[in-house]
Amino acid sequence: MNSESRSNTEIDIANASTRLKKQLVIKEISKLLQETNDFNEVVTAVLEQYPAIFSKDQVEKEVRKIQTGQKSTMSMDASIDAVTSQILIQQQIHQPQSSKQTKLLQSSKPTNQNGTPIPKPVPKNAITNFLIAPEMNLKNQVNSLTQQVSDLKQIKIQLEQQLQATKIETNQSNLINKIKMALTIHEYEAQEICQKYKTSKVYERYKINDGSITFNQQELQQQLLQIDLQMKKIEDQLDNKLPSKYTLTLQYNDLAIRHQQITTELEQATSLTELNMINQRIFTNLKEKCKFKDFLLPCFYPTHEFMAHPLNSQGKIQIPAVMPKFVLVRLIGEGGFSKVYKAFNLSTCEFIALKISTFDAANENKWKLISREAKIYQDLDHPNIVKLYQRPLIIKRETADQTGFQTNVNINSANQASEIALEMELCDDQSLFDFVCIQTHRVMGTKERELNEKLLIGIFYQIADALKYLHENKLTHNDISLSNILKKGAVWKLSDFSLAKEVAEDITEQHNVTTLGTTRPFAPPEKVLQRKFSSASDMYSFGVVMFVSTIGSLRMFEEIGTGFTKRVQVNPADSVRDYFQMNQPIVCTLSDEMKELIISLVDLDFAKRPSAAQVCDILEKFLKRSVKKQRK
Ligand SMILES: Nc1ncnc2c1ncn2[C@@H]1O[C@H](COP(=O)(O)OP(=O)(O)OP(=O)(O)O)[C@@H](O)[C@H]1O
């Protein structure tokens with residue numbers, strides 16, 4: 001046993017309690033036993049170390065216990081170190097220290113897990129010091145737990161960062177998949193339209209004639225005029241009975257037949273021209289109008305010049321920093337106020353129609369019309385009205401072209417906003433105008449059977465029902481025309497509410513309007529002549545829609561409309577009655593009841609026109625009757 005190990009226990013324990021004294025002896029015995037396993041040597045050393053404190057018997061008993069591995073009467077826990085140090089402090093205070101003791105004191109300073117010394121409280125006496133010791137131990141534990149908590153917090157932060165990164169990655173890959181879908185549709189539709197166009201007869205004619213349309217309507221009209229003159233001449237000669245009545249009658253009949261032939265040719269030419277217009281529209285959209293502003297379609301929307309196209313120069317999908325809402329796939333229609341695009345909604349994964357109106361700061365009137373349309377449109381909900389899905393997207397002027405886009409529904413002047421986009425349900429690529437043109441062409445060109453009356457009345461009924469809904473809600477549409485009635489599957493829907501008006505009072509009363517707006521052949525006489533409108537004005541336009549869809553030509557109402565602008569007050573009801581008496585409609589032969597309905601709808605006197613509710617009633621009864629007839 002060396003002297004150094006013994007010196008560690010050379011402390012004055014005179015003032016310590018018996019329990020403490022015992023603890024110290026146990027500690028000493030354990031230490032000595034580590035150095036030597038000689039029982040007597042250990043007993044002697046302990047008795048030398050603590051003379052007159054423990055009896056030989058006591059020491060021997062403890063040494064034996066520890067040697068045989070029995071549990072000592074006192075456990076050797078960590079608090080002994082703390083207790084020892086407290087006793088040493090006590091000695092420092094009460095007794096002058098030897099250099100050996102100072103060294104011992106320094107070497108046994110209590111430290112925490114990090115090796116930093118635990119601050120020492122100022123002791124009052126050995127008992128209080130002893131009582132403080134467990135507290136110190138708890139402090140150690142607290143320190144250690146605090147360290148563990150801070151380590152765990154660090155791990156949590158790291159995990160959260162990883163989770164966030166994974167989320168971003170998933171979102172990005174979802175977004176890329178959605179964009180891919182939009183791009184595929186764009187590609188597919190572009191090819192399909194090209195194909196459709198190339199196989200269409202109109203394309204053949206268009207190609208053969210080197211792009212120029214050769215339906216010479218003017219020439220045909222000239223011929224008609226000359227025949228009319230000749231017939232008039234013969235009528236005069238017939239009156240004067242010169243030369244022979246018989247010869248003249250023959251000549252007259254020949255001319256009448258020729259007149260009929262040319263009229264039919266002219267109708268056909270008109271129809272083909274209209275059909276040609278549709279095809280041209282599709283073709284031009286594809287070839288020349290595949291753009292949104294200066295960006296080639298497909299492009300992101302809202303967009304900005306930094307990144308408009310979803311693909312980079314290597315054909316890889318790239319996502320702009322400002323998250324876009326849509327991918328514009330192609331242009332599907334153009335009006336006076338706006339362009340309508342087929343677009344892919346990146347959050348709902350649906351194809352929708354996006355009607356985008358762009359205006360400059362000076363265009364306050366256009367702004368008023370479009371924002372009014374958006375406001376009225378928001379509240380409409382009817383199966384035969386094209387749905388507005390979201391609140392309008394308004395792009396702020398100052399940020400639109402630089403940092404991306406900003407939307408704000410509180411913007412209230414054209415000065416602040418540069419664009420309004422309406423997200424609507426997507427209809428098929430066919431309006432009632434397209435449908436009527438195609439039907440006219442089919443009936444005349446291929447001598448197919450004309451359209452079934454029930455089918456046509458079914459279309460009218462749907463639109464009349466939408467009108468009834470609008471009028472019941474104190475709204476007038478003000479622009480009912482063939483182009484504003486769109487097909488979606490088997491359902492026909494009313495669209496374009498840019499001229500719609502809300503009337504606080506009686507909607508059947510006439511109200512003033514400042515502009516005409518309504519598409520010409522469909523414009524009611526009271527609007528053209530007096531700038532007045534009411535719900536009955538919509539009914540007039542609806543009557544024109546019914547008439548034009550039946551006969552397959554706009555010509556008569558174009559002439560009537562021109563008459564109105566020149567202040568000629570013919571009653572369109574008379575013209576329609578005459579037409580039905582003299583001619584056979586091309587698209588569909590109507591029953592007398594339906595003819596009478598159209599005649600009443602286009603009456604010059606707005607008070608004589610039936611309301612939307614009455615029209616619905618008549619059409620519904622007709623449809624029910626025809627279903628019954630079919631069953632029989
Ligand atoms: N929801 C839709 N689904 C499919 N095509 C649509 C839709 N809305 C409009 N279109 C197409 O876009 C064209 C122009 O739309 P719209 O008539 O609403 O625009 P506008 O600028 O108000 O026209 P206008 O000058 O006739 O008032 C329509 O004729 C139609 O072909």
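The structure is a predicted model, in which local features need pLDDT of at least 70 and side-chain atom pairs count only at pLDDT 80 or more, while totals for chains, interfaces and linings use all residues. Residues are numbered from 1 along each chain as its sequence is written, and side-chain values use heavy atoms, with hydrogens and water left out. The predictor gives the complex an ipTM of 0.96 and a pTM of 0.63.

**The chain as a whole**

- The protein chain has 20 helices and 14 strands, where helices (H or I, at least four residues) and strands (E, at least two) are DSSP runs numbered from the N terminus.
- Of its 632 residues, 43% count as buried; here buried means under 20% relative accessible area, exposed means over 50%, and partly exposed lies in between, with a 1.4 Å probe and protein chains only.
- The protein chain exposes about 34,700 Å², of which carbon and sulfur atoms supply 52%; such accessible areas come from the Shrake-Rupley method with a 1.4 Å probe, and for residues only the protein chains shown count as cover.
- Among the contacts in the protein chain with a separation of 6 or more, 66% are between residues 24 or more positions apart, a contact being heavy atoms within 4.5 Å.

**Confidence**

- The mean pLDDT of the protein chain is 75, and 69% of its residues reach 70 or more; pLDDT is the predictor's confidence in each residue, on a scale from 0 to 100.
- Confidence is lowest in helix α1 (residues 3-7), with a mean of 39, and highest in strand β11 (residues 491-494), with a mean of 96.
- Over residues 202-215 pLDDT stays under 50, and for this stretch the model has 19 contacts beyond four places in sequence.
- Over residues 400-406 pLDDT also stays under 50, and for this stretch the model has 23 contacts beyond four places in sequence.
- Where pLDDT is low, the predicted coordinates should not be read in detail.

**The surroundings of the ligand**

- The ligand is surrounded by 21 residues, and the closest are Gly336, Ser338, Lys355, Glu425 and Asp496; a residue is near a molecule if one of its heavy atoms lies within 4 Å of it.
- The residues of this shell divide into nine nonpolar, seven polar and five charged, where Ala, Val, Leu, Ile, Met, Phe, Trp, Tyr, Cys and Pro count as nonpolar, Asp, Glu, Lys and Arg as charged, and the others, Gly among them, as polar.
- A backbone N or O atom of Cys427 lies 2.9 Å from a nitrogen atom of the ligand, and a polar contact is a pair of N or O atoms within 3.5 Å; within protein, one must be able to donate a hydrogen and the other to accept it, and residues adjacent in sequence count only if both atoms are side-chain atoms.
- The side chain of Asn484 has a polar atom 3.4 Å from an oxygen atom of the ligand, while an N or O atom in the side chain of Asp496 is 2.7 Å from an oxygen atom of the ligand.
- On its own the ligand has 620 Å² of accessible area, and the protein covers 87% of it.
- The elements that give two or more residues to the shell are β4 (326-334) and β6 (350-358), and β4 gives the most, with three residues.

- Asp496 sits in the loop between β11 and β12 (501-502), and it has a positive phi of about 60° although it is not a glycine.
- Asp496 counts as buried because its relative accessibility is 17%.
- Arg531, in the loop between α15 (525-530) and β14 (532-533), has a phi near 55°, which is a positive value in a residue other than glycine.
- Arg531 counts as partly exposed because its relative accessibility is 33%.

- Arg609 lies in the loop between α19 (592-601) and α20 (612-631), and it counts as buried because its relative accessibility is 6%.
- A polar atom of the Arg609 side chain lies 3.4 Å from the backbone oxygen of Leu604.
- Leaving aside neighbours within four places in sequence, the residues in contact with Arg609 include Pro525, Glu526, Tyr540 and Asp603.
- The peptide bond from Tyr301 to Pro302 is cis, with omega near -10°, and Pro302 is in the loop between β3 (299-301) and β4.
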